[in-house]
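Please look at the structure below with its two kinds of meeting surface in mind, one inside a chain and one between chains. The paragraphs that follow take them in turn and end with a single residue.

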Amino acid sequence: MEREKKEPGKPDGGTTLTRREFLRDMGVAGGAVVLAGHFGVHGLAWAISGEPELKMVLVDYGKCTGCRTCEAACSSRNRPASVNGRELPGLGNPRFANIRVHRFNPDVDVPSVCAMCADTPCVKACPVKPDKKSGRRALYRDQATHTIHNDPARCLGCRSCAKACATQRTGVITPDSATGKPERMCTLCGGDPQCVRRCPFGALSYVEVRRDRKFYGQRAEKIAAELAKTWYGTVDLGGVK
Amino acid sequence: MSGTPGYYGQILDINLSTGKITKMAVPAEDLEKFVGGQGLGMKILWDRLKKPGVDALSPENPLIFMPGPFSGLPVPSSSRTCVVTKSSITSPIESDYHHASTVSYSNMGGFFGPEIRFAGYDGIVITGKAKELSYVVIDDAKVEIRDGKKFKGMRTDAFDKAILAELGDRRFKTVYIGPAAENLVPYASILHTAGRAAGRGGTGCVMGSKNLKAIAVKGSGQPGVADHQGFLAALEKARGALYKSAFAKSWAEQGTARAIVGNSNAGTETVRNYREGTFAEADKIGGDAARRDVWVKDIACYCCPLGCKKSGLTKGKYGGIVHDGPEYETGVMLGSNLLISDMPGLLKAITTIDDLGLDQISTGNVIGFLMEAYDRGLINRGFLDGIDLTWGNVDATLAMIEKIAAKEGVGALAAEGVRALSWHIGKGSEKFAIQVKGLELAAHNIQANQPRGLSYVTASRGACHMSGDNIAMQNRRAMMDSTGMCFFPTFEPALEEPMLALLSAITGRKYDKAEFEKTGERIFNLEKLFNYREGFRRADDQLPDRFFEDAFSIGPKKGAVLDRNKFDSMLTQYYTDRGWDPETTQPGSAKLKELGLEAISRAI
């Protein structure tokens, strides 16, 4: 958690350690080797790239069969049920899953899940004034889990975050149809994503966010079009949104 | 929510003649006795058709889409939808009723059944007939019948995309018919995801007769369960049983296509219109060849860890996108059965059949029969509208498929099925018209597999390869197809216990192996009562002469042929063990009482 230093003037609580700070710390620590030993190789790569170390659920589209077990597993964990006063995992209604498998014709299945963007376009789009004490807008990146949260008490339901996500990234943020408040931000299940654990085909993994990965942060439709072209030699997916 | 755990206790009831849409309560006793899927569908069919001889293509005949108690919950492989109706293709040898036919049920995977339950229903019943081609849209409680004229004649692959573009939301799950069903081909199918089908027994034809092009459904709810914690614990065990299973892994590799080579080697494959059990070129159309040359992606149904559906791409003259296949049934019926060993040609035939909305099995069977009749000189090229329908001829096969779907020229006759064709042609061709009760046999050949012959003759929908080779199997399968779970994962023995525990936790009724089979037996007997009332008797449980006369001339089972006496005594034993009269096949009153069907049986 040493890398979680709050960067002043960044109310979104996102990027915490800049390249400048890294170089400063490197001087204090006595070189890159020591720093690498301390933070790990990935940490060093992150530091050099200037991005915070974030983790996400990554999809291997070649292995995904479109079975939607991930949706059920996600919903079960993140939408618990109250049974006789006890909180238990839910029955896995896929409507409440934060991961959604998009199915296309020809057969291409694209699970879409929060890309854990380092630059948080969703948070930046939130028009709610940052809280003086916490620096948070209604939508914010949680310091401990690094996941995106919404404070429903302060949220205006303006859908700006969903629009930003849809136009700039995956489009997973979905406003509640009644309140307009954002849903579907991945919780990473406290560091043990259930979608990854339950996928029967090993198509999901829990990895460090890397913006240079193919398909990173893209919309399901765009990914599907490229996969359909590669696999079936077609770009005709029926024009469905 | 109903008082019965695991269910909503309501069926969506849509009358296309009047436009009336109602939410019909299901009696708790029916849920308990008939469960869901095939069983509850049969009970609804029985209740709706109070007399025998109703024309399957009349507005009265209900078309019933049934998920089961597993559907909508993340139980492994609980993806199935059972379509139940009165058959448009079967008929008894003799009956007092002009339109007598058997029950029909056809079971498909995918995502439709679970979505019906997400929308808040235990099933959908369609009756009546729309004035013009229509489609139904179900969005939770909101249900609409819409004009579908612009989709008339549209093939299924194009329609699969067009309907979602029309609805503007890819989350809708859809089932639909192609041109063959619109043209009322008696063995037309219902498609889902452009590559999954409720293919057998004319469910598509019944849908076509109602002027119903499609049903789209989307839902946001979920049924509850009786024992939440018990459900979660059993779910964990069920997943454990399948995720670690070597069997499941093997299905992920090749699906049913593995059997194309396997059954050929065992001498149980359908080859050359059931003349042989082994195909020398099976490896050219088998799973290894498909994995190497065709498949690009493994596809699974809802929450299924098997993933037996394969899609791919072929190149060359017959090249194109393949939504599914070859599977065992499609690969054999259009491949070895027609002596077609050209993989792209085979897949072009399979894809075209799905695109037109025909049953793969009946279509392959009919074309195999015509090839043999042509080869033997019983029909000439003129009869075939100039099509040179020789063994292994891909172009001729494709031309015949189009003719059948359009009911054009010889296609109009071929569309009536292999039995009607043989009656028309005569000259002894009935001997190699491979059907039971008017429904064509599937890709499992039986000269060297007598138990499968029992499945074909005693199955409730006519020649069905899935019914079961003995009484216990038949009862288990009838029950399995009533739960919403697929039959394939149950090949893994470790699944049985958690599967029973899941069913118990969901419904709050204690299911052990015996209760599971007993419920299946009740369902199977209800089907039998329906068929008996229509006039089906022992003489209808008959195999074509080929199986008793034409011994295999090649392969490891060379010389194999069924013995008529042995087969007959096996049947007599079967009826006796079932508690049915061996002469008439009428279910006995003791058995009906044991199964709690005495009130129903009084109707006949």
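Between domain 2 of chain B and domain 3 of chain B there is one salt bridge, a term used here for a side-chain nitrogen of Lys or Arg within 4 Å of a carboxyl oxygen of Asp or Glu. The side chains of Glu372(B) and Arg546(B) meet in a salt bridge, with 2.6 Å from N to O. This is a predicted model, in which local features need pLDDT of at least 70 and side-chain atom pairs count only at pLDDT 80 or more, while totals for chains, interfaces and linings use all residues. Residues are numbered from 1 along each chain as its sequence is written, chains are lettered from A and ligands numbered from 1 in the order in which they are written, and side-chain values use heavy atoms, with hydrogens and water left out.

Where do the domains of chain B lie along its sequence? The assignment gives domain 1 (10-218), domain 2 (251-427) and domain 3 (450-601), and such bounds come from an automatic or database domain assignment. The centres of domain 2 of chain B and domain 3 of chain B, taken over C-alpha atoms, are separated by 27 Å. In the interface, 19 residues of domain 2 of chain B are in contact with 14 residues of domain 3 of chain B, where contact means heavy atoms within 4.5 Å.

The area buried between domain 2 of chain B and domain 3 of chain B is about 1300 Å², and carbon and sulfur atoms give 60% of it; buried area is the accessible area (1.4 Å probe) that two parts lose on being put together, summed over both. On the side of domain 2 of chain B, the residues that lose the most area to domain 3 of chain B are Tyr274(B), Arg275(B) and Glu276(B), which together make up 38% of what that side buries.

We can now turn to the two chains. The contact between them takes 41 residues from chain A and 50 residues from chain B, and chain A and chain B bury about 3700 Å² between them, 54% of it on carbon and sulfur atoms. In chain A, the residues losing the most area to chain B are Leu91(A), Arg95(A) and Arg103(A), together 20% of what that side buries.

How many salt bridges are counted between chain A and chain B? The count is six salt bridges, and one that can be located in the model joins Arg170(B) with Glu221(A), whose closest N and O atoms are 2.8 Å apart. The residues of the side of chain A that touches chain B divide into 20 nonpolar, ten polar and eleven charged; in this grouping Ala, Val, Leu, Ile, Met, Phe, Trp, Tyr, Cys and Pro count as nonpolar, Asp, Glu, Lys and Arg as charged, and the others, Gly among them, as polar.

Finally, consider one residue of chain B. Lys510(B) is found in the loop between helix H20 (496-507) and helix H21 (513-534) of chain B, where helices (H or I, at least four residues) and strands (E, at least two) are DSSP runs, numbered from the N terminus. Is Lys510(B) buried or exposed? Lys510(B) counts as exposed because its relative accessibility is 67%, given that buried means under 20% relative accessible area, exposed over 50%, and partly exposed in between (1.4 Å probe, protein chains only). Leaving aside its neighbours within four places in sequence, Lys510(B) is in contact with Ser504(B) and Glu515(B).
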